Amino acid sequence: MKRVAAVMKSCGDGYTGSYPLFLRCVVASYIFSTKMTRQRLRHYGSLLFLSINHLGRTFPGDICSEENQIVSSYAAKLGSEVEQDYTNHQFLGPEGNVDVELIDKSTNTYSLRFPTAGWYLWSATGLGFVVRDAVTVTIAFGSWSQHLALDLQHHEQWLAAGPLFAVTAEPEEAVAEIHLPHFISLQGEVDVSWFLVAHFKDEGMVLEQPSRVEPFYAVLDNPSFSLMGILLRIARGTRLSIPITSNTLLYFHPHPEDIKFHLYLVPSDALLTKMIDDEEERFCGVRLQTSPPVEPLTFGAHYIVSNSAHLEIIPTELKLSYRSPGEIQPFSKFYAGQMKEPIQLEITEKRHEILVWKTVVKPVDIQLGAAPSPPAFSGAAFVRENHRQLQARIGDLKGVLDDLQDNEVLSENEKELVEQAKTRQSKTDALLSMVEKKGDRALELLFRSLSERDPYLVSYLRQQSL
């Protein structure tokens, strides 16, 4: 691939969540014990090499900023200042799960060995690998703000679109692909040529166009390894909204007299969710299971939080932005007394007054005391619970139809009925409705097909219900 050099300067709704097995808090002399369980468009291009002078200033480029702050630093203080613990997480692999080992707590560096060729996914982060042979990989987490200056971010209209990973592999040639997670929705006007992989090396920042961009991740074939992550670069004068996949995180804080709720609206980034979980846990916050918004939301837009009980919400307005996990994340707070009646929560896009998310919290959801052990996972239940999400997001529909026909879930006529629907979403809806009527066995086979055809989507949806 060709390299073009250019010198730039910059200055330096049940209980869920990733909590310990038992969360014990003392609130107003009561001890509350709660038992927890807790993404092909091919696009080859050139590498753009940028030498970074960390003490200089940026020169005017060919990109401008639509938002005053299109990039918030992603992982400031993520290394030594904010402690993470992924030792309970594993890579999903072709022959079962592979444990991730914390080898250096001071730098939050992890190591694992992929024992055989195949595809591996760390669902806790969205990071994936396709390997040709056995390989040992080390992974750490980096900070965008420490490597990409804020004035460059603001002036150039960059969007940090996913985590920053420091990756090494031995032997390096054993890795055929690396899948770097992002939260940009590929719907609408988003151009995959805007996606770049940023490598931070001793000589500066190297920008590389990915081999292809998929929902939830971008792929580098035969990668070289460094501190790396996904950036979105939008041309000067472009006036459009950037759609992103997002999460709503709802926590309650138990109290015998006045239960408190915190509601977050954030990009769908597993690392960010993990850090919010950890911060809430410090103050006895318990995450309730809620579905994320079905449709992509707009980066930088403002959203209004409201509730059916006319409870005071502070603040009522949230901006969908991307802040460092090392910083305090914005949230809306309200108190619900002893919570004797259900409360309906809604989030509405401020400019167009469009309802984008709602949920109902019932008193039973926040019963104090030990919660029952979670039921065994069911693929059939997963499909039922995520019908709307799957309807909007299933990618390889043709492959899924083939699988279901091969497994005698669908007849040739039923397959043709689905294919005759006019839009992709109507095809998906017809398929889901058809399979749901056939019972749990058919749903389990559908889940198996989705897991093989669209593992990132399945992993993403399962993360939301942990």
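This is a predicted model: local features need pLDDT of at least 70, side-chain atom pairs count only at pLDDT 80 or more; totals for chains, interfaces and linings use all residues.
## A buried histidine

A residue is called buried when its relative accessible area is under 20%. His199 comes in at 1% relative accessibility, so it counts as buried. You'll find His199 in strand β16, which runs over residues 195–201.

What does the side chain of His199 make a polar contact with? The partner is the side chain of Glu208, at 2.8 Å. Glu208 also turns up among the residues in contact with His199 once neighbours within four places in sequence are left aside. That list includes Gly204, Met205 and Val206, along with Leu220, Ser224, Ser226, Leu227 and Met228.

## Helix α7

Now hop along to helix α7, residues 424–436.

Which residues of α7 are buried? They are Thr428, Leu431, Leu432, Met434 and Val435. Look down the axis of α7 and these buried residues fall within an arc of 165°, which means they line one face of the helix. What they pack against is a set of other helices: α3 (379–385), α4 (387–393), α5 (397–406), α6 (412–419) and α8 (440–453).

## The whole chain

Stepping back, the protein chain has nine helices and 30 strands. Of its 466 residues, 53% are buried.

Conventions:
Residues are numbered from 1 along each chain as its sequence is written. Side-chain values use heavy atoms; hydrogens and water are left out. Helices (H or I, at least four residues) and strands (E, at least two) are DSSP runs, numbered from the N terminus. The expected span of a helix is 1.5 Å times one less than its number of residues. Buried means under 20% relative accessible area, exposed over 50%, partly exposed in between (1.4 Å probe, protein chains only). The arc is that of the directions from the helix axis to the C-beta atoms. Contact means heavy atoms within 4.5 Å. A polar contact is a pair of N or O atoms within 3.5 Å; within protein, one must be able to donate a hydrogen and the other to accept it, and residues adjacent in sequence count only if both atoms are side-chain atoms.
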